[in-house]
Amino acid sequence: MTEPRTSVRSVSRGGSRGPTPAYVLHSHDWSESSLILDMFCREQGRVVAIAKGAKRPYSQLRPVLMPFQRISVGFGSKRGDDVEVWLLRQAEWAGGPAFCGGDALLPGFYLNELLMKLLPRHDPHPVLFEAYADTLQALSEPGLLHAALRAFELILLRQLGHLPDLALQTLDGQPVRAGEPYELHPELGVRPAHRLGESGEGASVLNGSVLLAMEDSLSDGWLNDARRVKPGHSPLPSLMAACVPALGDLKAITRTLLHYHLGTNTLRTRQLMMELQQP
């Protein structure tokens, strides 16, 4: 079977891009022998690429292009800025610990779905890339799973500009005070709540000390300097610790924020997790 001409014209030819760390978020068949990949690359952001011949039994790409393993990839050069699908020239395992799978598998696919739905193409986010790598490893520890998910969701929202300064009340710029109750609203940002644990609109409420601790982890100066971001260098560990005192309320808050920016309440992975929990 020959590969569709329309897709061939949309990929790059000739030239090359230097190897870059990447993860495969999702793949689907393009022909009898090739794959279309949705990838998260450290230097290029989210990229859609074609891997020619990757499905062939003898292809060296076949065992490499799996979700949740860090790989090093190279692409063909683009024909122009309007090219949406790139050509994968090379891919090899980049080392590091293996993903544990098991109970972490669905949460891992949940992370991938968030990235595919929220990240624009070709928009680099090296901090988010390293936070994703750290989160995959944290998911292997059952006691850390929920804190890791909440921390990653917050980093994702901040890196995309959807999370306000948590140390300030958004509307008037007044400082957040430890011990006082606050809400985190998708449109109004941080605002005072009526009483800790109670909100007039049914929203979840956070202690100001939790907001201040989370902002401290999210606002380190190096987060804005891509040159200083290295493997294993993300705000995830300290942010996980800041999230622990309020995991239940944070789950409801991050879900509300994510659904607002996604424009939908339906995530395939979350629905699947709910179905699996039913007796």
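Contact here means heavy atoms within 4.5 Å.

## Basis of the model

This is a predicted model, in which local features need pLDDT of at least 70, side-chain atom pairs count only at pLDDT 80 or more, and totals for chains, interfaces and linings use all residues. Residues are numbered from 1 along each chain as its sequence is written, and side-chain values use heavy atoms, with hydrogens and water left out.

Helices (H or I, at least four residues) and strands (E, at least two) are DSSP runs, numbered from the N terminus.

L262 sits in helix 7 (residues 247-262). Neighbours within four places in sequence aside, L262 is in contact with L114, K117, L118 and L267. L118 is 144 residues away from L262 in sequence, yet their C-alpha atoms are 6.7 Å apart. The relative accessible area of L262 is 16%, so L262 is buried (under 20%; exposed is over 50%, partly exposed in between; 1.4 Å probe, protein chains only).

Two packed helices are described by the angle between their axes and the distance between the axes. For helix 2 and helix 7 the angle is about 40° and the axes are 10 Å apart. Axes are lines fitted to C-alpha atoms, for helices over the stretch in contact, and angles run from 0 to 180 degrees between N-to-C directions. The crossing of helix 2 and helix 7 is left-handed: the near helix is turned anticlockwise from the far one by less than a right angle.

Helix 2 supplies Y110, L114, K117 and L118, which meet L258, H261 and L262 of helix 7. These residues divide into five nonpolar, one polar and one charged.

## Helix 3

Helix 3 (residues 126-138) has 13 residues and spans 18 Å from first C-alpha to last, close to the expected 18 Å. The expected span is 1.5 Å times one less than the number of residues. Twelve of the 13 residues are buried. Among the elements covering them are strand 1 (20-29), strand 2 (35-41), helix 2 (105-118), helix 4 (145-159) and helix 6 (236-243).

E130 belongs to helix 3. Its relative accessibility is 0%, so E130 counts as buried. The E130 side chain makes a polar contact with the R70 side chain at 3.2 Å. A polar contact is a pair of N or O atoms within 3.5 Å; within protein, one must be able to donate a hydrogen and the other to accept it, and residues adjacent in sequence count only if both atoms are side-chain atoms.

## Helix 5

N207 caps the N-terminal end of helix 5, with a side-chain oxygen 2.9 Å from the backbone nitrogen of S209. Buried residues in helix 5 (residues 208-218) include V210, L211 and M214.

Key: Ala, Val, Leu, Ile, Met, Phe, Trp, Tyr, Cys and Pro count as nonpolar, Asp, Glu, Lys and Arg as charged, and the others, Gly among them, as polar.
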